[in-house]
Amino acid sequence: MFWKRLYALRWWMISLITIGTILNYMTRTMLGVAAPTLMGDLGITEKEYSWVTGFFQAGIMFQPVAGYVLDYVGLKLGFGLFALAWAVVMMLHGAAGSWPVLAGLRGLMGLAEGSAQPGGMKAVAEWFPANERGFAGGFYNIGASFGSMLAAPLVAWAILYHSWRLAFVIAGAVALLWVAAWFRFYHSPKDHPRLTDKERGDIEAGQEPHVAGAGKPSIARLIRQRNVWGIAIPRLLADPTWGTLSFWVPIYLMKERGFDLKHIAAFGWLPWLTADIGCIVGPTIAWSLQKRGVSIVNGRRWAFTVGALLMTGMMFVGHVQDPYTALALICLGGFAHQTLSISVITMSSDLFPRSEVATVTGIGGLCGNLGILTFSLLIGGLVATVGYSPFFVALGVLDLFGAVWLWTVVRDRARPMAQVAA
């Protein structure tokens, strides 16, 4: 059978995670694409819409709990149940008749979808040696950008064919199919019946000693560790870019730049395409530096710094006259954000034992989504008064502070890649 002859099983496992990530982020982003139509249909103001997005961010801030569950019960059962929940809640979006109902559904979906990053990083930590973790993390994070990219054409087609509600029902139904595939095919390395002794040995030989710890995680102990906050605070500063791309850029392009629904379907996916490229560029920068003797953690810090410098282009989005130049700068922001984001997210697998990676990633996710929540509420409350330009300026500056924090606070426990491979 084909399944028995699979080569490099670890990449097949992360591919399954990637498909789940595509669906996870597609369902997150669909609300932003549907927002102009949905707001008119339900009579939602920009302030009320900010509360709808805020409920999602409040729910997803429980990522430390999701990560703890994944570390405690195991990735297969925990992630499968979370995915089942978000699929069902997504389908229920199609029945929402008011903004409070929609906000409640978004909150529940945030609770379930908060498992995506902790689950992905836990799979990376379990299945990959140190010198492949950056690329594995970048590979499954392509799912975040690609899923967001798919949201625009799906929602546009559904609205033109039937209604925005149809898009949510279709997305939830497809997610249910993925859940069935997850429970059928995913196993951890220690349980997988098709993992060869050679591949298992390669994975174990490429792990640093300090990440091989076992035992149950403790959130109370982890939040007292310097390195947890060393990688969590940069996410607080960086993730508002993702929230802005997901929830506010479609509205900005339509209200401020004259795009209609067809323009959004034709061009709205471009920032996610450049973000996909950033998912690979970040690990490539770190890997090339590791080959020159730079430690794994320092390689990722340099990749974050490059992304932060490129993010400064976002400051000019609101000041250029041509709408397509503004879109190009937004695309640069998507690329820069994923270049730095995947770098800091992957550091949890470099600095902490595999049994704690999901919990640590969840703590970072809490901070990141707190940043998105705060930023989104500020946009909703102030955009009518000050416009969008000050928010784009803020996005261009925040990651510079994140880079300084990352270099100052994180203590490097990793060795250069050549030593890890020896």
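This is a predicted model: local features need pLDDT of at least 70, side-chain atom pairs count only at pLDDT 80 or more; totals for chains, interfaces and linings use all residues.
I kept to local features with pLDDT of at least 70 and to side-chain atom pairs at pLDDT 80 or more, while totals for chains, interfaces and linings use all residues. Residues are numbered from 1 along each chain as its sequence is written, and side-chain values use heavy atoms, with hydrogens and water left out.

Helix pair. I looked up helix H2 (residues 46-60) and helix H12 (residues 240-255), whose axes come within 11 Å and cross at roughly 160 degrees; helices here are DSSP runs of H or I with at least four residues, numbered from the N terminus, and axes are lines fitted to C-alpha atoms over the stretch in contact, with angles from 0 to 180 degrees between N-to-C directions. That makes H2 roughly antiparallel to H12, a term for angles over 145 degrees. For the contact (heavy atoms within 4.5 Å), I noted that Glu46, Tyr49, Ser50, Thr53, Phe56 and Gln57 in H2 meet Phe247, Trp248, Ile251 and Lys255 in H12.

Buried means under 20% relative accessible area, with a 1.4 Å probe and protein chains only.

Lysine. I placed Lys198 in helix H9 (residues 197-205) and found Lys198 exposed (over 50%), with a relative accessible area of 61%.

Methods: Helices (H or I, at least four residues) and strands (E, at least two) are DSSP runs, numbered from the N terminus. Angles under 35 degrees count as roughly parallel, over 145 as roughly antiparallel, 65 to 115 as roughly perpendicular and the rest as oblique.
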